[in-house]
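Below is a briefing on one structure, arranged by topic. Please look at the sequence and the model before reading the points.

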Amino acid sequence: MDAETDSKLKDALKNLDRAGKIAGIDPEVLALLSNPKEALTTSVPVRLDTGKLQIFRGYRVRWSDARGPTKGGIRFHPSVCMDEVSALAFWMTFKCAVANLPFGGAKGGVACDPRALSPTELERLSRSYGRSISLVIGPDRDIPAPDVYTNARVMGWIMEEYELTQGGTRQPAVITGKAVAQGGSLGRDDATGRGAYYLIKEMASRTHRELLAPADGLVTVAVHGFGNAGQHIARFLHLDGKFRVVAVCDSRSGVYCAAGLDIDRCIEVKSDQGILDAARIGGGATSIEPAALLLLDVHLLIPAAIENVIDLQNVGQVRARLVVEVANGPVTMDADRELAKRSIDVIPDILANAGGVIVSYFEWVQSRTGNWWSAEQVHERLQAKIASEFRTLVQVLKTIRERGHAGLDGSLGTLTFRDAAYCARATTDRCGYSGNGW
Ligand SMILES: NC(=O)C1=CN([C@@H]2O[C@H](COP(=O)(O)OP(=O)(O)OC[C@H]3O[C@@H](n4cnc5c(N)ncnc54)[C@H](O)[C@@H]3O)[C@@H](O)[C@H]2O)C=CC1
Ligand SMILES: O=C(O)CCC(=O)C(=O)O
């Protein structure tokens, strides 16, 4: 990581600083949006299978509830800390605004390595964390969802713990990304990858026509991260037929094939063996280091794992023509400026991975009304929303570029899709701020 981006939150806040300058946002609104509304640090005691008690550290940050109840995932990962969770909660605030959802932003997590826990330890950890945050969450207050190394089962355990604090009443709208059998929505599982796929198709027909027919054949793609988000985006692009996914990787292993990978086979091997084993995948696949995948000469690079994987150290070696951020915060702000200088478009996380929270919103609506939608309805509404919010973004980018740097000092450099995303709702909603009574 770059020295100056040691704080992920500090780096994330640079986006707001730029948006403030570009869109002339009221300094008091900027001050409110630069600070968390509420930040919880909590002990998460867990009885391990050995009988020993281990105390983990848990967090939940509600960044802003100006647009509605706060919304955002729960991460179980060794890197989880207040700084990381705060940055993720900040991004959620702007993601919900860009997607025009009636939600503010939040995020939570536990600093742990879930892969080192047994299934029963994982359940006890999830339930213990669920009890710790049950005073903070609620269907009209704060609504968690899955993120890195959490899933529908973990959501179910947290929901059950919350329900116990509500006299045992059913509270399906307190959490999204839960199993369909527990009141979850069809289509939430693959929503993040599907949303990113719909976005790429929309870009191909509007702003990035080279994605329709590149001079040198199919569009080549590398996907960094092969979990929920990465597997689905790789699969959708592979199935489309116009894209050739040449490389995928997880945290420990990666595979490359210039002729294109069989993504279903990659998913099968990853699920059987826990790693992407080139020999088992076959079809000409060879091993590649995860860090080397980011530097491949491809049309489309899709970071879909964790933050800060493209920074000042490696950005000069990035050869992709376009970056679509399916992970949250994969490109540091300094690296982002370098890519802008080289005219490499970056489609920002707060739109590119919004499919997950959009379908979470659909799930919340269904959980509240008891009115269930078909998978086709979910997909259609997701596609329509992504397309419409992308069109808004293109319009905002055009507007801020046309206004040019009138009144700006020129030091902001090229205005990008990321700038447009942070400015998108700046003039239409005042983020719930009336200017009075604060
Ligand atoms: N699951 C969801 O609905 C959403 C996820 N996201 C974001 O997408 C990203 C991935 O999340 P999920 O796929 O849900 O998590 P996941 O837990 O299903 O998968 C994470 C993947 O990243 C890989 N990974 C971890 N560290 C890595 C490293 N240093 N280098 C390469 N790969 C690494 C893991 O091996 C795994 O394949 C995160 O940034 C998350 O915040 C964003 C929106 C919604
Ligand atoms: O589905 C949600 O509510 C939030 C998912 C999430 O954590 C994210 O978009 O980063």
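This is a predicted model: local features need pLDDT of at least 70, side-chain atom pairs count only at pLDDT 80 or more; totals for chains, interfaces and linings use all residues.

Residues are numbered from 1 along each chain as its sequence is written, and chains are lettered from A and ligands numbered from 1 in the order in which they are written.

**Domains**

- The domain assignment of the chain gives domain 1 (38-182) and domain 2 (191-352); such bounds come from an automatic or database assignment.
- The centres of domain 1 and domain 2, taken over C-alpha atoms, are separated by 28 Å.
- Seven residues from domain 1 and six residues from domain 2 make the contact, where two residues are in contact if their C-beta atoms, placed from the backbone, lie within 7 Å.
- On the side of domain 1 that touches domain 2 there are six nonpolar, no polar and one charged residues. Ala, Val, Leu, Ile, Met, Phe, Trp, Tyr, Cys and Pro count as nonpolar, Asp, Glu, Lys and Arg as charged, and the others, Gly among them, as polar.

**Ligand shells**

- Around ligand 1 there are 24 residues, of which Gly 227, Asp 250, Ser 251, Ala 327 and Gly 356 come nearest. A residue is near a molecule or strand if its C-beta atom, placed from the backbone, lies within 6 Å of it.
- Helix H7 (residues 228-240) gives the most to the shell around ligand 1, with three residues. Helices (H or I, at least four residues) and strands (E, at least two) are DSSP runs, numbered from the N terminus.
- The shell around ligand 1 consists of twelve nonpolar, ten polar and two charged residues.
- Ligand 2 is surrounded by 14 residues, and the closest are Gly 73, Ala 145, Gly 356, Val 357 and Ser 360. Strand E3 (70-77), helix H3 (82-98) and helix H13 (355-369) are the elements that give two or more residues to this shell.
- The shell around ligand 2 has three nonpolar, eight polar and three charged residues.

- The 15 residues of H4 should span 21 Å at 1.5 Å a residue, and its end C-alpha atoms are 21 Å apart, which agrees. The expected span is 1.5 Å times one less than the number of residues.
- Buried residues of H4 include Leu 122, Arg 124, Leu 125 and Tyr 129. A residue is buried if 20 or more other C-beta atoms lie within 10 Å of its own, exposed if 12 or fewer, and partly exposed in between; C-beta atoms are placed from the backbone.
- The buried residues of H4 pack against strand E1 (38-47), strand E2 (53-64), E4 and H5.
- Among the buried residues of H5 are Val 154, Trp 157, Ile 158 and Tyr 162, and the buried residues pack against helix H4 (119-133) and strand E5 (142-146).

**Helix H11**

- Met 333, Ala 335, Asp 336 and Leu 339 are the buried residues of helix H11 (residues 333-341). They cover an arc of only 155° around the axis, which puts them on the same side of H11; the arc is that of the directions from the helix axis to the C-beta atoms.
- These buried residues pack against helix H1 (8-23), strand E11 (322-324), strand E12 (345-347) and helix H15 (417-423).
- Ser 343, which follows H11, has a positive phi, near 60°.

**Single residues**

- Val 248 lies in strand E7 (residues 243-249) and counts as buried, with 34 C-beta neighbours inside 10 Å.
- Leaving aside neighbours within four places in sequence, the contacts of Val 248 include Val 223, Phe 226, Leu 261 and Leu 276. The C-alpha atoms of Val 248 and Leu 276 are separated by 8.4 Å, although the two are 28 residues apart along the chain.
- Asn 100, in the loop between H3 and strand E4 (104-111), has a positive phi, near 55°. Asn 100 counts as partly exposed, with 19 C-beta neighbours inside 10 Å.
- Asn 308, in the loop between strand E10 (300-303) and E11, also has a positive phi, near 55°. Asn 308 is buried, with 20 other C-beta atoms within 10 Å.
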